[in-house]
Amino acid sequence: MIVSATDVTRQYGAGEAAVHALRGVSVGFPAGQFTAIMGPSGSGKSTLMHILAGLDRPTHGSVTVDGTEIVGLDDSDLTQLRRDKLGFIFQSFNLLPVLTAQENILLPMSIAGRDPDAAWIDTLVAKVGLGDRLDHRPAELSGGQQQRVAVARALASRPAVVFADEPTGNLDTKTSADLLGLLRQSVDEFGQTIVMVTHDPESASIADRLLVLRDGVLAEDSAGLAAPVTAE
Amino acid sequence: MRRVALRGLLARKTRLALTAMAVALGVMLIAGTYVFTDTINSSFDRIFSVSLAKVDVVITPDDALSGDDGSSTVPLPASLLAKIRQVAGVQTAAGSIADMNGTILGKDGEAVSQGAPMFIASQDIQTFASTQVAEGRFPRTAGEVTLDKGTADREGFALGDRVSVQGVAPRERYRLVGTTTIAGVSSLGGAAFATLTLPEAQRVTGKEGEFDAINVAVASSTSPQQVVAAIRRVSGRGTIVRTGSQQAQSQSDDIRGGLSFLSTALLAFGGIALFVGAFIIFNTFSITVAQRAREFALLRTLGASRRQVLGTVLGEGLTLGVLGSAVGLGLGILVASALRALFKSFGIDLPSSGTVILTRTVVVALVVGTLVTVVSSLAPALRATRVPPVAALREGVAMPETRSSRFAFPLALLLATAGIALMLVGLFVASGSTGALSFTGGGAAVTFVGVALLSPRLVSPIASVVGAPLQRMFGLTGRLARENAVRQPGRTATTAAALMVGVALVCFAAIFAAGANKTIADAVDNGLRGQVILQNQAGFGAFTSRAGEAVKTVDGVQTVSALRGARTRVRGISGKQGVTGVDPATLERVYALEIKQGDRDALRGLGPGEILVSDTYLTDHGLKVGGTLVLATPRSGPLRARIAGTFKDKSQLLGSLVVANTVLKARFGAQQDQLTFVGLRGGREDAGVKRSIDALLKRDYPQAQALTASEFKQDQRDQINQLLGLIYALLALTVIVALFGIVNTLVLSITERTRELGMLRAIGISRRQVKRMIRLEAVITALIGGVLGLVLGVALSVLVTRALDDFSLAFPVGTLIAVLIASGLAGVLAAILPARRAARLDVLEALAYE
């Protein structure tokens, strides 16, 4: 398991006003798998992802990423973990407007002060297909192009796992399909592990595995439509 | 709608506080100055009216030509007292001495005051009793003295101690028999009073048979006014006769006049701070209006009129202005006490009987502060009204491109040019110092605004230059800092421009001071032929001419030549001005004065009816060599003098008008030396002779000090640098205001970039890196201000010094570099709070931030 959660609960507030976002979730994510997490609003799907990514802390339970227990790590260790082991794709792209597409892609390495693996970056750039737009700033790119940059950025440092939070939420149908295809390819061709939160069944259909959360508990854990088993 | 404005303010407390400070600091200095000077004035009013309460009529020499040090006043003759005693209605009349040209020495042998005047006074007769004995008694014999209690306490004198006093006569030791207070106050603004018996006071001050004032008590059958009229008929030319209360008023006015320079200067610095504050208010409102465009659009959609939107923003400005001004007023009252403490530490103990807060102070502080705020928020408010209602429905609204921004560049150029033109008018055309100053100052302000408007175009190139090394040093954070700084060039430009003003003025002052130092040094190097200079130990003011006469007897001294000074009015030319006395026979031996026009021997042969004028004075006033100048004198009627020639004097030591010392003594009563050049035998510096001179002065004339040429230059430099320090301290306020501006802009920008910061944190940037990024952005912004200020300061000083004759320009490169480094450090300081805020952002909340 590259990422696993054991008996994770998350409670916001206390007493009468307490909100139980997660009520004991245990789940593991094997390497090289594309998992979609679905659920209605307030089901706890985003909270689960935030906790898996070290952005939020569970009230109880344990989370390991690539063999490291992350619950109880301090801010600087968590920062380093996110920098070295995790990749993120956000709904609203979240590129730095002052940097070019290329610079945005290389951002994780720049933050770490590491030299990028040139061959890998070339492969990535070819994959996301930005071609001659690499020197453009985000404002000069379409939404789909921006999200492709974001995908390349998430993959650039070869993270143990990429978390995608509604990556197609701001894209139209055609662009969405392209982007999902890109994510799918990164799993199939590079063996990338991806955990994607979405409320869009169409997006979820591309995953190997589908988790459904309801009221803070895991309601369903099934093979996704893209998994070989269900292909039969 | 009013509620919207208030809510808008309250929702952003940090911004509110920071912006209010931008107004408050300027208002603080203005209010503080008023409270400070009003308090002093009212204290002096009381002191003078109480001390003159028993005096009905006062006769004093005419001081219409007088300088601050009492020069150009001729004492009253004793014969006048006899005449006054004969006047009907005069019951008692007595003459007195109050002489400011003496020096009182403390136990350490140093003068008891370096700034406030030292008086040698005569003891009043019982009838007038303006001073009271605090301890002991008044002097009864020539060997006894009393000191004002303030001085005695400060110097640690006890009754029975020996106190040295030096007037015109050599230093004399007196036994301290008492201490005195005036109107119950132990110190009159730190001025020192040594009271002697009348004959001794007359002897020491060289006023045997003369008085500085005659006080009169009138018979109960008549009124002071009637007696004033009667005395005027006998007192003659060159005297002033006033009632006691008029005299008190006149003395108060003198103090007011003396303080008015100080208060004008302080008010000017307050004005500069407010001017800088205006930049910050404008910037803050511009940013918040842009950030709230959606909100205004929504209001418009809900049916709010443009006027109402305008009212909302202006209402915020008004509230902020009133609030900031009120805070400034409160701080000002505190600052007044701080100013008093500051002056006391310089030895000027200004009296203060209860803080005086006039209605005028409150009104001016509130009105000026509020007005500046509202006016500065006007342009952003107008922009807010141009947000179309439909913007409420659109994603990511940008402010509409305004019509004005298309004209911004030409307008900025126009303003900068107009500002420089105004300055040129002030410097080269305008006559009268007030006009010239207003033109120059106003021109400088307009230039600042013009350059500030131009600066958005300069931000990017300057940021590239100063940002490049930062990027090389700090990598990604440096890169992002630079990019963020130039993201909104207008915003960065205005923020930097606020700092630019302070930096420009600091550079200007530094360059000006360096130039003044160089000018003096050059003049001394080129002009001085003597080896020693005598001057008052305080560095300015006159000293007894007997010091020079005594030095002449020292073995090894060959020539002693004194410069003296008086004040006069030249017929046909407005204003009072100085006239310098020289010794024509000896001056050339110790000082090189270049005669430009007229006879070569014009100086050596300068006769009693002749005058030399400076070259520039001749041209400025359209005079001709051989023509006649008519000079007003204190008592002996106009002096007609033929212009015998012109001179060029780079040092400005001689001023514009030069006559012989004999003329100055006979017609202006000037007997004291201002500066005395001493030439040694062999024309070379001689440490032994210098030591003998020092010893002599220390023993008999401690009022004077002897300096070698290099010591004299150093002394002048020290004085200039002291003034420079004071100017820096006052400009620091302006810089602090600008720092608040940087803090404010950073806080607002960080708010805008919350999501970005969240993303950076999510993908692994550390808190340290966030802090560094913000810090570097502040440094870049501050350095843009520093670079612009430096360039502008250099340009201003070059321009201004062109207007001065014979002013050597010098660039204190070290200081200028230090200023630049300091502005960068100021950026670091300004970034502390915003950086901490940015680093503390919760990643999840930041990512969800709209």
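Predicted model: local features only at pLDDT ≥ 70, side-chain atom pairs only at ≥ 80, totals over all residues.
**Exercise 1.** Determine the strand order of the open four-stranded sheet in chain B, and find the helices that lie on it.

*Solution.* 
Step 1. The order is 3-13-1-14, and the pairing is antiparallel.
Step 2. Strand 3 (90–96) and strand 14 (239–243) of chain B are the edges, since each pairs on one side only.
Step 3. With direction ignored, neighbouring strands are turned by 20 degrees against each other on average.
Step 4. Look at one pair: strand 3 and strand 13 (residues 213–218) of chain B run antiparallel and are joined by six bridges. Within this pair, Gly95(B) has Ile214(B) of strand 13 as its bridge partner.
Step 5. Helix 7 of chain B lies across strand 1 and strand 14, at about 110 degrees to strand 14.

**Exercise 2.** Classify the crossing of helix 16 and helix 20 of chain B, and describe their contact.

*Solution.* 
Step 1. The axes of helix 16 (residues 545–552) and helix 20 (residues 687–700) of chain B come within 10 Å and cross at roughly 140 degrees.
Step 2. An angle over 145 degrees would count as roughly antiparallel; at the angle found, helix 16 of chain B is therefore oblique to helix 20 of chain B.
Step 3. The crossing of these two helices is right-handed.
Step 4. Helix 16 contributes Ala547(B), Ala550(B) and Val551(B), while helix 20 contributes Ile693(B), Leu696(B), Leu697(B) and Asp700(B).
Step 5. Sorted by class, this contact has six nonpolar, no polar and one charged residues.

**Exercise 3.** Which face of strand 20 of chain B is buried, and how does the strand pair?

*Solution.* 
Step 1. In a regular strand the side chains alternate between the two faces of the sheet.
Step 2. In strand 20 (residues 628–631) of chain B, Leu629(B) and Leu631(B) point to one face and are buried.
Step 3. Strand 20 pairs with strand 21 (residues 639–648) of chain B in the antiparallel sense, over four bridges. Thr628(B) stands opposite Arg642(B) of strand 21.

**Exercise 4.** Describe the contact between chain A and chain B, and the part of helix 2 of chain A in it.

*Solution.* 
Step 1. On each side the count is given: 19 residues of chain A are in contact with 19 residues of chain B.
Step 2. On the side of chain A, helix 2 (75–85) and helix 3 (101–112) are the elements that give two or more residues.
Step 3. By class, that side has nine nonpolar, six polar and four charged residues.
Step 4. Buried residues in helix 2 of chain A are Leu78(A), Thr79(A), Arg82(A), Arg83(A) and Lys85(A).
Step 5. These buried residues pack against strand 4 (60–65), strand 6 (86–89) and helix 3 of chain A, together with helix 22 (754–762) of chain B.

Terms used: Residues numbered from 1 in each chain as written. Chains lettered and ligands numbered in written order. Axes fitted to C-alpha atoms, helices over the stretch in contact; angles between N-to-C directions. Parallel < 35°, antiparallel > 145°, perpendicular 65-115°, else oblique. Left-handed = near helix turned anticlockwise from the far one by under 90°. Contact = placed C-beta atoms within 7 Å. Nonpolar A, V, L, I, M, F, W, Y, C, P; charged D, E, K, R; others polar. Pairing = 2+ DSSP bridges. Buried ≥ 20, exposed ≤ 12 C-beta atoms within 10 Å, placed from the backbone.
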